[in-house]
Amino acid sequence: HYIRVLTDRVFLTVVMPNTLLLMVLSVSIGLCLGLALAHLLNRDFRGQRLVQTVLLLPLMIAPVIASMMMRWMFNDQFGIVGVVWEGLGFAPQAWLAERWPAFAIIVFTDVWIWTPWFTIILLAGLKSLPREPYEAAAIDAASKWRMFTHLTLPMLRPVIAVCVVIRAIDAFRTFDQVWVISQGGPARQTEVFSVYAYVEAFHNLNFGRGSAAAIIGALIIMMLGIALYKVLDRYMDVSR
């Protein structure tokens, strides 16, 4: 079973590349958006609490429900996105019938769900930063961009590293969004590791091969998490 999984062309050329690409895109885009939102929220303004509550709404929705919403929004016959798209003069688009549009919708859904998580963690990190370095930089007439790149980011590196490691491990095992939106289609072109193991075990009723795929995935997640943490610890001083 292990040999069959590791020599399966679909697993090697479609499933694993899709899984890694989804992980990289979801984590990187979510981190950038979360950092930007956290930086904007790290100041007092009227209606701040209301804005924070609205930004956290995606976290309060189950991933299955959010994925179903996205699937209906991008439906080529009834979806609001298709209506707007055609209203702008573009030709009708079958979003979920092609590999990359369907994969982009999955990434978009995952980013939409998890960006608030990045925001709240990074905002807590920003709130804990000391004010003295910023006051010294303001006396030296440093610009806001230089403060952000030379003060905020270096001091926030441990928090960013922890967020990246936790979210990368979670993104690697993403199942709900992919299964609800595309079920790995069209023609298994958006299939990821968790969907592969599920289909083998519960659709093909090949429990041995499904279990082997799950264990292989668990080992990959473990090695990836350890390697990622060591790299980030080396370059971002996480443990210090």
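Author: Start with helix H9, which gives the largest share of the lining of the largest pocket, four residues. Bear in mind that this is a predicted model. The pocket has a volume of about 320 Å³. Two elements give two or more residues to its lining: helix H8 (132-139) and helix H9 (144-172). Among the lining residues are Tyr 134, Ala 138, Lys 144, Met 147, Phe 148 and Thr 152. His 39, Asn 42 and Arg 43 line the pocket too, as do Leu 126, Arg 131 and Ala 142. By class, the lining has six nonpolar, three polar and three charged residues.

Now follow H9 to its partner. H9 packs with helix H2 (residues 9-41) at an angle of about 145°. Their axes are 10 Å apart. The crossing is right-handed. From H2, the contact includes Met 16, Leu 20, Met 23, Val 27, Leu 31, Leu 35 and His 39. From H9, it includes Phe 148, Leu 153, Leu 156, Ile 160, Val 164 and Phe 172. This contact has 15 nonpolar, three polar and one charged residues.

One more stop on H2. Pro 17 is found in this helix. Is Pro 17 buried, partly exposed or exposed? Its relative accessible area is 35%, so Pro 17 is partly exposed. Beyond its neighbours within four places in sequence, Pro 17 is in contact with Phe 11 and Leu 12. Phe 193 lies 176 residues from Pro 17 along the chain, yet their C-alpha atoms are separated by 9.5 Å.

Notes. Residues are numbered from 1 along each chain as its sequence is written. This is a predicted model: local features need pLDDT of at least 70, side-chain atom pairs count only at pLDDT 80 or more; totals for chains, interfaces and linings use all residues. Side-chain values use heavy atoms; hydrogens and water are left out. On a 1 Å grid over the protein atoms alone, a cavity is a set of points where a 1.4 Å probe fits but cannot get out, and a pocket is an open set with protein on both sides within 12 Å along at least five of seven lines; lining residues have an atom within 4 Å of a point. Grid points are joined across faces, edges and corners, and a volume is the space filled by probe spheres set on the points. Ala, Val, Leu, Ile, Met, Phe, Trp, Tyr, Cys and Pro count as nonpolar, Asp, Glu, Lys and Arg as charged, and the others, Gly among them, as polar. Axes are lines fitted to C-alpha atoms, for helices over the stretch in contact, and angles run from 0 to 180 degrees between N-to-C directions. A crossing is left-handed if the near helix is turned anticlockwise from the far one by less than a right angle, and right-handed if clockwise. Contact means heavy atoms within 4.5 Å. Buried means under 20% relative accessible area, exposed over 50%, partly exposed in between (1.4 Å probe, protein chains only).
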